[in-house]
Each structure stands twice: as C-alpha cells, then as structure tokens.
Amino acid sequence: MLNLQEKILGDFDFFTRLPNEDEKKFYGIFISHSNFDQSEKDLLNYVKNAMVEKGLYVLCDKDFIRGGDDYQNRIENALDCYAAVVILTKNSIKSDWVNYEMGYLRGKGKTIYVWDKENLFAKENREKNPSLNLLYYTHYKRYGNIYNDIDDIIEEISKHSQYSQMFSNESAFLTRAEFNQRLNENAVSVIATLSSPIFDKHYNLFKDCKFGLLTMNFGMFYSGHGDGCQCYSKRNSPIENKICPISQSECALVQKTEVTDKNKECVLLNSLIYSGVLKKAGTLDRLGNVIECGAIEYNLPVHKIYGTEFKFIIDVPNDDYFIRMLNILNEAGMNATKSISNIENRIYLSLPERRGQGLYRLDHEFSNNFICPYAIRKKFR
C-alpha cells in the first residue's frame, strides 16, 4: 500500500529540479580535441555546429574549464555525457589530455566515436609507422568507433538517447531502436540531489563508492501502489476521477497492470545506471558555484507521463566498512538496507517521502521510491 503520511525525518534534504540549458550539455556529447593550432579549433567549431543543428547538446573543455582550474578535477567532476567524439589529428594523437579523457570516459562505460577526418589510421599509414599501429590496436580501436565522416557519427549518435543503457533484450517489448525513440520522446532528465552533512563528515568513506539508480519501471505495473486519491503536485489538492489536475491525464500514481502499445517503454525491470556524483562542501559545481553542503547529485530519468519507480543504490568498494556505512546512512534517516538480491556490498536507499519535491515511497513486497513528473515540472511551466 502507499503510505499517505509525509515523513520529514532524518538529517538530510532532498530536492528535484530540471537542468537548465547549460547543464544539459554535461549530459550530452563531449568533444575531446587538441588546441594546438587554429585549424584544430576550426574543426572543433565545425563539429559543435553540426551537432547542435541536429538538436544534440554538446560540451567541450572550453565550456567549463577556466585558466588556473585543476583540469583533472574539473573533468572528473563534470563529465556525465552519454557519448564522446574524439577529433583525431596529428596533434591530438600525441596529446596526453586527449588520451586521458578517452581512458576516463571509457572507464565510465561511455561510447566513444573517433573522427579520423585525415584517415591517419589508414592501413598504409600504420604499416609505415609501428608506433601508430600499436596505438591504433591498443587504444583507439579497442576503445573507440572510428569513422572518416562526421555525418556518419552524428547519424549514429542520433539513434541513441541519454538512457540507452537502460535497454534490456531480456525484458524488451520494443526493439532497441524503438526503445530509444520512445525515450527521446518521453524521458525527462531530472536533477535529484540528496544532501546531508554526513557526506562531508565521512567524505573519505563515500569518495570511493559508486552511486546509481536501480530503475524498476517507468510508471507502475504492480498492484498495491497508489490509488490516485491524493495529489501533492498542486497545493496538496485531492483529485477527481483519478485525473491529474496539471496534465489532465490519468494520475501517475494510479496502478497500471497492463502493457499496451502506448506504454511498452515503461517496463525496464531493474535497469541499473551509475548516474550519481558525490559533491563536497566548499568545492565548485559544474557551473562554477560553491557547494554549501555535501551531496550526491543524480541524473534521474523520469517518464513525463507515468513517472519513475526506482531505488537509489550505493556500491561500497569493500566490506571493511559496509556495516559502518549502513549505520551512518540510517542514522541520517535514509532507510538504508542490504541488497535483497545478495549483491555483495550494495546498499539500497528507500528515502522517506518528500512530496513537495515529487518523491513518494511505495510499500509492496519491498519499498521503492517514486517520482511524480508533474510535481517537478510544475515549477518550470
């Protein structure tokens, strides 16, 4: 059943918002390049303009790194892109930073496209240059998808979405291409921030953890959820006939037990994405603002009609302080539990409700959280 009593407990805060236009770039396409000469800067501008014309959000280091910044820290704090394009030139091949960016992005599981406009990796060039051939096989071919035409790269990227990794062949009611198209049409990116002094006090414990979202479904497909009798997205009003007062469509909290052509993209069945980033008080966020309190900032995909059912997860690197972290999180009121699937060193969070931010807690066989899309979006209408 759905617990209709708001819980304001624990030493933490939770809030949701939509990213602004500048922030959307950080969740789009990152361009890795060399700045050695003007010709390379011209290539960068050409690629950026071509992608923007196709409606893609594009980011490069010049968009967020200023003189005197700690480059490595800024890169690692900023990049949540879902894909990257490397502009291959004679200078970028030799660039330590380009190679670092490729390795870092690959380590985070990002798809990398290499634009070899000058065909530097042509077979005849590699046969003449053993070191180039070695670099090709150990780095670029291993980590990237190499193209000679930037239009082919843009076409390939456009087939995907920010949340393509959520697709599962085992549970799919759609093809991968259909699923990505539905996501592009229906998934809204929401910045969900979980802040608490514990993330500063115990920063050294949390900094080596991985923060993710276990997304059960877009919408609901089990019995025992909400019945649409309360609405907190519009001044805590009751609603009539289970119709959302904002969208004028069926309430996102009404249980949905059937899969139809209209909602096939909603059934994901435990899709895991690591989209959380630990923030420390006193450091700068992506836009250069000082962070006032430690937090985990998640990029949460929310279905704009049905909402999203999910759990926050924290993967702890070892079991030496697993129980200690469970206790710290529970003392802060975050309802931390061990993985019900017996996944080693994984912590689940089923946060108390923050209905003013669109966060519900669902209780059935196990407890999940649910985000109502209209409680978030109302502030930006």
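Predicted model: local features only at pLDDT ≥ 70, side-chain atom pairs only at ≥ 80, totals over all residues.
**Stop one: the nonpolar cores.** Select Phe206, Ile314, Leu329, Met334, Ile347, Leu349 and Leu351, which touch the most other members of the largest nonpolar core, a group of 49 residues. Next, centre the view on Phe206. Beyond its neighbours within four places in sequence, Phe206 is in contact with Ile198, Phe199, Phe211, Leu278, Ile314, Met325, Ile328 and Leu329. Apart from this core lies another, of 24 residues; to find it, select Leu59, Leu79, Phe121 and Leu132, which are among them.

**Stop two: the largest pocket.** Select Asp80, Tyr104, Lys108, Tyr274 and Val277, the lining residues that lie nearest its centre. The pocket has a volume of about 1,200 Å³, and 44 residues line it. Highlight β9 (267-279), which gives the most to this lining, with eight residues. The lining divides into 17 nonpolar, 15 polar and twelve charged residues.

**Stop three: the second largest pocket.** Move on to Tyr57, Gln162, Asn184, Ala187 and Ser189, which lie nearest the centre of this pocket among its 21 lining residues. Its volume is about 540 Å³. Select β7 (187-195), which gives the most to the lining, with three residues. Here the lining residues divide into twelve nonpolar, eight polar and one charged.

Methods
Residues numbered from 1 in each chain as written. Heavy atoms only, no water. Core = buried A, V, L, I, M, F, W, Y, C linked by side-chain atoms within 4.5 Å. Buried < 20%, exposed > 50% of the residue type's maximum accessible area, 1.4 Å probe, protein only. Contact = heavy atoms within 4.5 Å. 1 Å grid on protein atoms, 1.4 Å probe; cavity = no way out; pocket = protein on both sides within 12 Å on 5 of 7 lines; lining within 4 Å. Points joined across faces, edges and corners; volume = space filled by probe spheres on them. Helix = DSSP H or I, 4+ residues; strand = E, 2+ residues; numbered from the N terminus. Nonpolar A, V, L, I, M, F, W, Y, C, P; charged D, E, K, R; others polar.
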